[in-house]
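Walk me through this structure, a few local features at a time.

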Amino acid sequence: MLARLKSALLAGLAAALLGLPLLGFRLTDSATGLSLALRPWWVAAAFGVVMAGRFVMDGLRLPDIQFQAPHDIRRQAGLGLTLFAALLPLLPFAGRNVVDMATMVLIYVMLGWGLNIVVGLAGLLDLGFVAFYAVGAYSYALFAQYFHLSFWICLPLAGMLAALFGLVLGFPVLRLRGDYLAIVTLGFGEMIRQVLLNWQSLTGGPRGLSGIPRPTLFGVTFTPEARVIFLYYVILGLALMVNLLALRLRRLPIGRAWEALREDEIACRSLGLNPTLLKLSAFATGAMCAGLAGSFFATRQGFISPESFTFMESAVILAIVVLGGMGSQIGIVLAAVLLVGLPEWFREFQQYRMLAFGIVMVLIMLWRPSGLLSARAPSIRLGPAP
Amino acid sequence: MRFGGLTAIAGVSFQAHPNQITAIIGPNGAGKTTLFNCLTGFYRPSAGRITLNGLPLERLADHQIARQARIARTFQNIRLFPMMTVLENLMVARHAPLMKASLFSVAGLLGLKRYRDAEADAIEVARRWLDRFDLTAFADTEAGALPHGKQRHLEIARALCTDPVLLCLDEPAAGLNPRETAELTERLADLRRTDDIAMLLIEHDMSVVMGVSDHIVVLDHGRKIAEGSPFEIKRDPAVIRAYLGETDDEALPPDVAGDVAC
């Protein structure tokens, strides 16, 4: 009881300390100019609310529900989600906005699945993933602008180019691990953005590139209404392709080697695995997925600028992977729906939107500190699946 | 091998033969593990040559040594892939042949028969080693969840799965209880009998060393001070001096020297 009180008091003090500059002062506009008004009651209220909250929470045992779903149930859930996604535009409540929103979520699902190969499987913390997304987007935009190539030709080209950039990033960071790797990848992401910003003659600098051609289907062009649905199916197909690739790779020797690399690099080397090749292939595969997503993003928006490829994007994608539970494909879908969808739903809260969003994130991390779904299924079994 | 001003090992040469266990013993800091690290390419020797069947090892990277010279090793502090299952641990050891069969993942992605056959072969190899080490019942459990003794066995099984000609065991009995140690000794003796593998064994537990080795090399301060059969080594005055310091040789019966040395 005493320990509970103590912890509640500490939490309350922390809230008061944080609240002092945030809530404790207010600028008031008076006839004589701006003046500071003290609001001690607000700070006291923050102190009280947080302390009570902490006290109650310590008493409640949060139920730790383990989603140790058997393999076939997971499979069914996956198939169910896929079916739902395939039928979504036909459902009665799905207006243009819903489908548009779902397209945005699917882009992030695809990015999450791509990054999951690098972070979840190979264990290489990459904070500059958005760089490859940008490479994909700009390569489609530039190919279309200068060579008038169609979307379907540019798509694989963008994927390959992004993979090449993955290799370029891979080489200098081969010797780095953990935090140091994260810092260098962060720098790489910024570098790409700075090049896009400053190479005005090619990329248009901060003005970006506009008039990017929309995709066609065997020469058929779409009206804006039909295009929303068409684009939705394109990204659904792309995302499912990346999903299939990730699931298959995981069961192949390369996937197992990536996981082994995450677990213990020295043991890998003693077994004859070449860590250089493994890291480079992981970077390249992840980057390729991001490149494909990027070129889709470009054709959907019709306009791209370096604004869309800030560090914030990398952080969101990484948050999706971590929140979903590293290595879980369905977890990433749920996390993408939460992270991209929630801020939209919370629009009604207006200026408190990000506050509500933050509260949800804190609650999830309290409830499931290792991600929404984090159980790992073996890639191969000797006995029958339980 | 030199680290700064310290010469960790110098002028150590010995032979290891298939179907034989060569033990390497010596007091702490004698250079036993450094010797292993040089052999398996984790350290690059500052000078000198290491050859295995005429193949120069000192120029190869660690993963090349494992694959080309077929030297496998275990570690003093167990290095498994703890989140992966026992079977997966062994499958990683079959990486090179599987990778070739999957045409660097292309055939594997397409699910060609050629790859599926290779995978079945690899599982068969893994299963054989699992049976030998009594691990079959644990095939689908996480390696990290196994008891310590089983983890030691798994690490050796995984090293054997790479199909080595030389197996280097770095203190395999460390942290095992007497029953597990006896079990391990039996396994090693069994391996020596049935498989054409040369084994190097670093071990402080003299019951293991004296029980299974055919040949013992004694290191002290990076130099070889004695070499011979277990019987000879037990009686070697230089060995007794290295382990117990400069004492009156006569006062200590040789058997005690063997037992105290840990």
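H148(A) is exposed, because its relative accessible area is 66%. Here buried means under 20% relative accessible area, exposed over 50%, and partly exposed in between, with a 1.4 Å probe and protein chains only. H148(A) sits in the loop between α5 (130–147) and α6 (151–170) of chain A. Helices (H or I, at least four residues) and strands (E, at least two) are DSSP runs, numbered from the N terminus. The phi of H148(A) is positive, about 55°, although the residue is not a glycine. Most residues other than glycine have a negative phi.

This is a predicted model, in which local features need pLDDT of at least 70 and side-chain atom pairs count only at pLDDT 80 or more, while totals for chains, interfaces and linings use all residues; side-chain values use heavy atoms, without hydrogens and water. Residues are numbered from 1 along each chain as its sequence is written, and chains are lettered from A and ligands numbered from 1 in the order in which they are written.

Chain B has a positive phi in a residue other than glycine too: D163(B), near 65°. D163(B) lies in the loop between α7 (148–161) and β7 (166–170) of chain B. It counts as partly exposed, at 45% relative accessibility.

Now take helix α1 (residues 32–39) of chain B. Seven of its eight residues are buried, so the helix is largely enclosed by the rest of the structure. Among the buried ones are K32(B), L35(B), F36(B) and L39(B). Just after α1(B), G41(B) takes a positive phi of about 85°.

Back to chain A, and to its surface. M57(A), F349(A), Y352(A), L355(A), I359(A), V362(A), L363(A) and L366(A) make a nonpolar patch of about 780 Å². Patches are made of residues with over 30% relative accessible area and no salt bridge; like charges are joined within 9 Å, nonpolar side chains (Val, Leu, Ile, Met, Phe, Trp, Tyr) within 5 Å. A salt bridge is a side-chain nitrogen of Lys or Arg within 4 Å of a carboxyl oxygen of Asp or Glu. Accessible areas come from the Shrake-Rupley method with a 1.4 Å probe. Helix α15 (residues 353–367) of chain A gives the most to the patch, five residues. F349(A) comes from the loop between α14 (329–345) and α15 of chain A, and is partly exposed at 43%.
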